[in-house]
Amino acid sequence: MSDRIRSVLAIDVGSTTTKAIVVEERDGACRLVARGEAPTTVEAPQEDVMIGVRLAAARAEARLGRRLVREGRLITPQVGDEGVDLFVCTSSAGGGLQMTVAGLVKTMTAESAERAALGAGAVVMDVISLDDARMVLERIRRLQELRPDMILMAGGTDDGNISHVAAVAEYIAASRPRPRLGGDYRVPLVYAGNQRAREYVRDAVGDVMDVYVVPNIRPTLEEEDLEPARREIHRLFLEHVMARAPGYRNLLEWAKNVIEPTPMAVGKMMQMMAEAHQANVVGVDIGGATTDVFSVIDGRFHRSVSANLGMSYSTVNVLAEAGPENVARWLPFRISVRDLRNLVANKMVRPTTLPATLEELLIEHAVAREAIRLSYEHHKEIAVTLKGVQHVGTFDKLRDLFRQETLSGRSIIEPLTVNAVIGSGGVLSHAPRRSQAMLLLMDAFQPEGVTGLYVDSVFMMPHLGVLAELEPEMAFQVFETDCLVPLGTCVAPKARPRPGRPLATVHMVMPDGSRRTEKVLGGEMTVIPLGPGEKAHLHIVPVRGADVGAGPGRRVESEAVGGAVGLVLDGRGRPIVFPEREDERLAMVARWLESLEAYPETERAGPGGAGGGGR
Amino acid sequence: MSRAEGQIFERVRISRKRVIPLPGEVVVEAGDRVCPSDLIARAETVPGDPYIVDLQNELGVRLTPEQVSKVMLKRVGDRVLGQEPLARTEVGPFREVREARSPVDGVVEFISHAYARVLVREDAQKAAPVVILNVARKLDVAPALIRAYMRYREGDEVRQGTILADAPGGLGVEYCYAPATGVIERICTRTGTVTIVRPSKSAQVDAYIEGTVKEIYPEKGALVETTAAYVQGVFGLGFENHGPLRVVARDPSETLDAEDITPDLAGAVVVGGARVTLEAMRKALHEGVAGIVSGGADMEDLVSLLGRDIVVGITGQEELDLTIVLTEGFGSMPMAEDVFEFLRAAEGRTVSVNGSTQVRAGVVRPEIILPLDDDEPADPLEDLLARREAEKGEPTVGAKVRIVRNPKFGRWGTVVSMPSEPVRFETEALLPAAEVELDDGSRVFVPLANLEVF
């Protein structure tokens, strides 16, 4: 930790809630010492973000027991017992950063542009390309309707076609994009395409937009370089978008001009964790309206936003997209589709209410499973190898021949190679039992092989991600000690299980040196106690055809990290298949919940359970 | 003075801007008293078709982007007449002049230098509603035989530029292109002509509420204002509607079913109780009922009524002649007593209803507007809504509250204590809560998040 920085106030301005945390050095270690929350006040009637920011800071102050803000002004640096040395901030309020991206070919340059924008924390409203099905006029009209904060344009490799790139620029110019915030503001265009075409682009667009040129995100078909575009988007986000949102000028002053889009900061923490542990990491942040999925696979970072899958406003969308049967299959009781739809719809119109009955908690968790599952599927479609690239090695070429994937990207996410899954968002962080969060993540992601599972304890990944830009060691220390709650490790052979028949034998050396052997049985789950900070060595012998990470039937040596739940041997197979008969399904789901002691024993009979609360 | 109690605002000033999207004619004047169905403004126009002129084709030369600027005689936004030159160049040793001409009267809307194409938007005012094309002459075939060459029949929709008919010609195949977008009304085998009727777009807006015209927006519409009682729902479908209130349910817990919807309810806004069935909604549509106000309805039935899933976003854009306003939520939800009694007391009076709902970002809720007979001053609705939003906070002992989540969804009560420590619920979650005494005297702990405070 830097000699200068002893204390930090970090704030995340979310779309509904503004959350403040205070991190301090105590006894040589950096710890989370206080937090506070308040409703976000960006929209009417308050229309001043600082009202919510000051209230959240005041609540953190009250818990901390010392003053941070005086007369509405942040006290910085820390002097004696007052103030903080550093203030950092993230924001996704007001819809965050809304962008349109444009490219030549939907599956090549336009897709790279979309990845760059998503990685910068933007909500991508539309992707325009020359080969999309729309007519010229429709594309222009669509650009007119959208009112993005910024447009990212890609197109062409550096020695490629210029006229098509110029055509895309002309469409953008003809649409005369208008900003959604502030009438005198010119929407910026970040141009990250064929460098030989940049003057054409400036000529075409320069009268109506401010053009910022960055290196090509696709200089050749085989290369993708998203970082310069991401950095420029972020810089313009601060200068243009944030500076015009209500009250943000003051916030920018507090933050000394360092505000990041929330998803960018969360992605930063994922990348740090992946790097520190040399691991492939997949993470999810499930919010009220959207679900973000992040992955760091072999050092490559991807982010996807499922804009209409969430736990409050868009909860009916989850039901519509997944299908009510897919939500209901996770429940240990019968519920009619009619009743299920009503319960979920009532949450949509009263999004800030909380489940007070076990039945409704189970339903919310079932919806969360499907929201994450669908978002993960969507993410796997985005995190693909580059299209238009010939794969290099002999084996790859042979495989391409059989799969005919030479000209189409394939997902880089192979579940057997994912080492860790991190979950974030209220439904996970605030689950009454940690075993509920673990089971939710296991059911939604269906990890394969040996996978560590974690949950963000209080949703402070954005705060730590932006802090990491300035104080990486401090941020990482708090991340590992206070933010990330290890749930445990899941061992799940990839196989088709037969009920009760072994899929693998797991030989364990426990923390106290004792040895233990367990079988992973088809359709069953077993929990082996392994607490936080504990590790067990595993020697896993799968049956023929079952894969635990080294290939079908091949043994694996690994390590299990303990946590709030422990080591879970998951014999349900991948993908998890539900019996056709309802009574068998009910019995099976009930067994799963019992094996992880996920929910209270009583009142799990289903609809019509006891009401009211008690001490 | 205006008062807000739950979902009811007893006296508010409501101002609504009533405008059409195209320039047209405003048919009212400031000071006019209007009823909901009175027309405020209207416009009628045939939309202009876009025509693309390929410069390289017309001029017979290849053009670079720089050369496009040099040959163009017109710029974006210039008005042009049919056959007026858009671009001109000289070709060959004898400097032969070639021109690309506009196919119609209109405006130059877009010039693509990259592709050397010009888009001319036909002048909507001059666009003829009917276009007659002599296909027989174009294809050089006998009029009696044109049906054999036509790719379309009467009643088919065609788009401008598509091939209408083709026939073998001297140098291969001769094509005849549709000169306009529209519907083929007639194929005449006597004259060899095809008649295409172009779609006309008309726009009009009515007053929606009973009130007074306060301000005119020339060629667009007017501002209509009224003093009214206002009831806010939680979810709705369908757009603006109006009609006399008819309270069909006898109490707020009843279900409105098909047999309750009778032909004499045509044009009325029907008030039900706890639930309205799919059959009742369908019958209401069939009988021409203007609106249904109910405590609740099953989401599944609303989806069946619409024929598609309801996903997040704003409702009100459905093509539904019936407006539905739910006051409590989904399922069987007894209407709040005060709302039911309020509506019952207003039976027979004309109300305006709108089912538009947007849950997120600039919340829009369905509404029922009941104009009052007097013009006593009242606070604007927006101010009262904002004040209510700002006053929302944690309840205090003695506050009147309503429970808005299971268990005890919809029950009213009074806060009798506010525990300083979070309360443990059946879910094992520890939540800030209040102890509420219900209307039947029983007491229950309820998470603060699940209470509406009044």
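**Helix packing in chain A**

Reader: H8(A) and H16(A) are roughly perpendicular to each other. At what angle do they cross?

Author: Keep in mind that this is a predicted model, in which local features need pLDDT of at least 70, side-chain atom pairs count only at pLDDT 80 or more, and totals for chains, interfaces and linings use all residues. Residues are numbered from 1 along each chain as its sequence is written, chains are lettered from A and ligands numbered from 1 in the order written, and side-chain values use heavy atoms, without hydrogens and water. Helices (DSSP runs of H or I, at least four residues) and strands (E, at least two) are numbered from the N terminus, axes are lines fitted to C-alpha atoms, for helices over the stretch in contact, with angles from 0 to 180 degrees between N-to-C directions, and angles under 35 degrees count as roughly parallel, over 145 as roughly antiparallel, 65 to 115 as roughly perpendicular and the rest as oblique. The axes of H8(A), residues 262-277, and H16(A) come within 7 Å and cross at roughly 75°.

Reader: Is H16(A) roughly parallel or roughly antiparallel to H17(A)?

Author: H17(A) covers residues 472-483, and the axes of H16(A) and H17(A) are 6 Å apart. The two pack at an angle of about 155°, which means they are roughly antiparallel.

Reader: And how many nonpolar residues are in the contact of H16(A) with H17(A)?

Author: From H16(A), residues including Leu464(A) and Leu467(A) meet H17(A) residues such as Val478(A) and Phe479(A). No polar and no charged residues show up in this contact, and the nonpolar count is 11.

Reader: How many of the 10 residues of H16(A) are buried?

Author: Buried means under 20% relative accessible area, exposed over 50%, and partly exposed in between (1.4 Å probe, protein chains only). Met461(A), His463(A) and Gly465(A) are among the buried ones in H16(A). The helix, residues 461-470, is mostly covered, with a buried count of 8.

**Another covered helix**

Reader: Which residue just after H2(A) takes a positive phi?

Author: H2(A), residues 109-119, has 10 of its 11 residues buried, so it is largely enclosed by the rest of the structure. Those buried residues include Glu111(A) and Arg115(A). Just past this helix, a positive phi of about 95° belongs to Gly121(A).

**Salt bridges**

Reader: How many salt bridges are there over all chains?

Author: A salt bridge is a side-chain nitrogen of Lys or Arg within 4 Å of a carboxyl oxygen of Asp or Glu. Searching the whole structure turns up 62.

Reader: Which residue pairs with Glu364(A) in a salt bridge?

Author: Glu364(A) counts as buried because its relative accessibility is 12%. The closest N and O atoms of the bridge are 3.4 Å apart, and the partner of Glu364(A) is Lys347(A).

Reader: How many residues apart are Asp443(A) and Arg369(A)?

Author: Their side chains meet in a salt bridge at 2.7 Å, N to O. The pair links distant parts of the chain, Asp443(A) in H15(A) (residues 434-445) and Arg369(A) in H12(A), with a separation of 74 residues. Both Asp443(A) and Arg369(A) are buried, and the spacing asked for is 74 residues.

Reader: What is the relative accessible area of Glu370(A)?

Author: Glu370(A) and Arg373(A) meet in a salt bridge, 2.6 Å from N to O. Both lie in H12(A), 3 residues apart, about one turn of the helix. Arg373(A) counts as buried at 18% relative accessibility, while Glu370(A) is buried at 0%.

**A strand residue and the whole chain**

Reader: How far apart are the C-alpha atoms of Val485(A) and Arg433(A)?

Author: Val485(A) is found in strand S18(A), residues 484-492, and is buried with a relative accessible area of 15%. Not counting residues up to four places away in sequence, Val485(A) touches Arg434(A) and Tyr454(A), among others. Arg433(A) is 52 residues away along the chain, and the C-alpha separation is 12 Å.

Reader: What share of the residues in chain A is buried?

Author: Chain A has 18 helices and 24 strands. Among its contacts between residues at least 6 apart in sequence, 68% join residues at least 24 apart. Out of 615 residues, the buried share is 60%.

Methods
Contact means heavy atoms within 4.5 Å. Ala, Val, Leu, Ile, Met, Phe, Trp, Tyr, Cys and Pro count as nonpolar, Asp, Glu, Lys and Arg as charged, and the others, Gly among them, as polar.
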